[in-house]
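Take a look at the protein shown here. Read its fold first, then its details.

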Amino acid sequence: SDHSLTYPKCPKSMDWGTLFPAFVRKEQTASDTSTEEQENRRAQNNGAGSDVDGVAGMTKHVEVADIGCGYGGLLFALSAKTPETLILGLEIRTSVTEFVQEKIKALRSQNQGTGLYQNISCIRANTMKFLPNFFPARSLSKIFLCFPDPHFKARKHKARIVSGTLCSEYAYVMRPGGVVYTITDVQDLHEWMVGHFAEHPGFERVSEEETEADECVAIMKGETEEGKKVERNGGKKFVALFRRAEDPPWP
Ligand code: SAM
C-alpha cells in the first residue's frame with residue numbers, strides 16, 4: 001500500500017541536494033538553507049548554471065527518470081554512460097527502493113574521489129500520483145518505462161502506468177524533443193502503450209531506424225533485471241520510443 005507515502009508540495013520543496021550531494025552549488029547545501037534563501041540565491045544567480053524553474057541550489061537538475069526502476073539495473077548502467085546527467089529512479093516498493101539506495105551509497109563510497117555514481121539516486125514514490133510535484137515542467141529529456149507491471153485483467157488496466165492522463169503528465173515534465181522509452185515482453189501491454197502515446201497530441205513515435213540506433217535501447221534490453229530475465233527465458237522484447245512534440249504556438 002502507498003498510504004504512507006509523502007509527496008513534495010512542488011519541485012522546489014524537494015531536497016535534491018541530499019539525493020545528489022556532488023551537484024549542490026558550492027556556496028551552500030540544500031539542507032542548511034531555507035526555501036526563501038534558496039530562492040533569493042537563485043534570483044541573484046540570475047539563471048546562471050543549469051537552474052530550471054523550481055530547482056535552485058543545484059548545478060544540475062534531474063534530466064532522466066526511470067519509472068518503476070526495480071532493482072536499478074538501468075540506473076547503474078546509465079550512470080557510467082552519462083556521468084554528468086542526473087538520473088532518478090522511482091520505485092513504489094519500500095524494500096526494493098532501500099536496496100537501490102544502499103547499493104548507490106556503497107558504490108559511491110567505494111569509488112570516492114572518482115565522481116562515479118554521484119549522478120544516480122532513487123526515491124520511493126507512486127509515480128501514478130503527483131509526478132509534476134517532483135519534476136518542473138519541461139525538465140526531463142528522457143523517461144524510461146521498462147517492463148511495467150502488465151496488469152492483465154481488464155478491471156486492473158487502470159493500474160497501468162500508461163494512460164491518457166499519465167501521458168499528459170509525462171508530456172508536462174518533458175522538454176520538447178525529449179524521449180519516452182518503453183519496453184515490455186507483453187504484446188498486449190506494448191499495443192496499449194503505443195495506442196495511448198500515438199493518440200496523445202504531445203508525442204510522436206520515433207522511427208524504427210532511430211530506435212534501433214539509440215544506445216539506450218540496447219541498455220534497456222540488456223541491463224534491466226527484467227530484460228535479463230526475458231533473455232534467459234527466450235521471450236520477445238517489444239520496444240517503442242515516443243518523442244515529446246514541440247508545443248503549439250500560443251494563439
Ligand atoms: N524497470 C525494472 C526492470 O525493467 O527490471 C523493474 C520492472 S518490474 C516488472 C516493475 C516495477 O515497477 C516493480 O519494481 C514495481 O514495484 C514498480 N512499480 C509498479 N507500479 C509503480 C508505481 N505506480 N510507481 C512506482 N513504481 C511502480
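## Overall fold

This is a predicted model. The protein has 251 residues, and 33% of them are buried. Its secondary structure consists of 10 helices and 7 strands.

Take the contacts with a separation of 6 or more: 74% of them join residues 24 or more positions apart.

## The sheet

In what order do the strands of the sheet lie? The order is 3-2-1-4-5-7-6. The sheet is open, has 7 strands and shows mixed pairing. At the edges are strand 3 (120-124) and strand 6 (203-205), each of which pairs on one side only. From one strand to the next, the twist averages 20°.

Strands of a sheet pair through backbone hydrogen bonds, and the pairing can be parallel or antiparallel. Here, strand 1 (residues 62-67) pairs with strand 2 (residues 86-91) in the parallel sense, over 5 bridges. Within this pair, Ala 65 has Leu 88 of strand 2 as its bridge partner. A helix joins the picture too. Helix 7 (residues 187-199) packs on the sheet and touches strand 5 (174-184), strand 6 and strand 7 (238-244). The direction of helix 7 makes about 15° with that of strand 7.

## Two loop residues with positive phi

Most residues other than glycine have a negative phi. Phe 147 is not a glycine, yet its phi is positive, at about 45°. Phe 147 sits in the loop between strand 4 (140-146) and helix 6 (164-173). His 151 is found in the loop between strand 4 and helix 6. His 151 is a residue other than glycine, and its phi is positive, near 40°.

Is Phe 147 buried or exposed? Phe 147 has 23 other C-beta atoms within 10 Å. The cut-off for a buried residue is 20 or more, so Phe 147 counts as buried. His 151 has 16 C-beta neighbours inside 10 Å and therefore counts as partly exposed.

Technical notes:
Residues numbered from 1 in each chain as written. Predicted model: local features only at pLDDT ≥ 70, side-chain atom pairs only at ≥ 80, totals over all residues. Pairing = 2+ DSSP bridges. Helix = DSSP H or I, 4+ residues; strand = E, 2+ residues; numbered from the N terminus. Axes fitted to C-alpha atoms, helices over the stretch in contact; angles between N-to-C directions. Contact = placed C-beta atoms within 7 Å. Buried ≥ 20, exposed ≤ 12 C-beta atoms within 10 Å, placed from the backbone.
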